[in-house]
Amino acid sequence: MSAYYTGPSGENIAAGQPDPASAMAGWMGSPDHKANILSSAWEIGVGYSSGSGDYVRYWVQDFGKRSGVYPLVINREAASATSTGVSLYIYGNFKQMRLKTNRAPGRSGRPSKTI
């Protein structure tokens, strides 16, 4: 991870939980693991492995932050937007940012805009 992430990093590992909900419940019950999950400054990679051994199932979350890369949060991290009216939360210092709508063929929408 250190070759890609030059800023802070973290990792949550769960072993033996039968499903993702159980792994998340365990992490959310641990102050340090919960802090990783709730941090707004992270990018996340997730993984799962099953096989043999003491625990059979392994759940992993890797967190990192790239130097000079700032997140753009739309509608409080909603998975999608249902209208063109969205709330943007931009972190970091920018001279210029280009925003573009993802228009499907035949649908109306606003073109790209530089702010």
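**Chat about the model**

Colleague: What share of the 115 residues is buried?

Modeller: Buried residues account for 12% of the 115 in the protein, where buried means under 20% relative accessible area, exposed over 50%, and partly exposed in between (1.4 Å probe, protein chains only). Keep in mind that this is a predicted model: local features need pLDDT of at least 70, side-chain atom pairs count only at pLDDT 80 or more, and totals for chains, interfaces and linings use all residues. Residues are numbered from 1 along each chain as its sequence is written, and side-chain values use heavy atoms, with hydrogens and water left out.

Colleague: OK. How many helices and strands are there?

Modeller: Two helices and seven strands, in the order β-α-α-β-β-β-β-β-β along the sequence. Those are DSSP runs numbered from the N terminus (helices are H or I, at least four residues; strands are E, at least two).

Colleague: Which strand does β1 pair with, antiparallel?

Modeller: With β3: seven bridges join β1 (residues 9-15) to β3 (residues 57-64). Two strands pair if DSSP finds at least two bridges between them. Glu-11 stands opposite Asp-62 in β3.

Colleague: And how many bridges join β2 to β3?

Modeller: Eight, with β2 (residues 43-50) running antiparallel to β3. The two form a hairpin with six residues between them, and Gly-53 in the turn has a positive phi of about 115 degrees.

Colleague: Switching to aromatics, how many pairs does the count come to?

Modeller: Two aromatic pairs. The rule is that rings of Phe, Tyr and Trp (its six-membered ring) pair if their centres lie within 6.5 Å; planes under 30 degrees apart are stacked, over 60 edge-to-face, and the rest tilted. Tyr-48 and Trp-59 make a tilted pair, 4.2 Å centre to centre with 40 degrees between the planes.

Colleague: Which strands do Tyr-48 and Trp-59 lie in?

Modeller: Tyr-48 is in β2 and Trp-59 in β3, so the pair ties together parts that are eleven residues apart in sequence. Trp-59 is also the bridge partner of Tyr-48.

Colleague: Is Trp-59 buried or exposed?

Modeller: Trp-59 is buried, at 12% relative accessible area, while Tyr-48 is partly exposed, at 42%.

Colleague: What about Tyr-55 and Tyr-58, which form the edge-to-face pair: how far is it centre to centre?

Modeller: That one is 6.2 Å centre to centre, with 85 degrees between the planes. Tyr-55 is partly exposed at 45% relative accessible area, and Tyr-58 is partly exposed at 28%.
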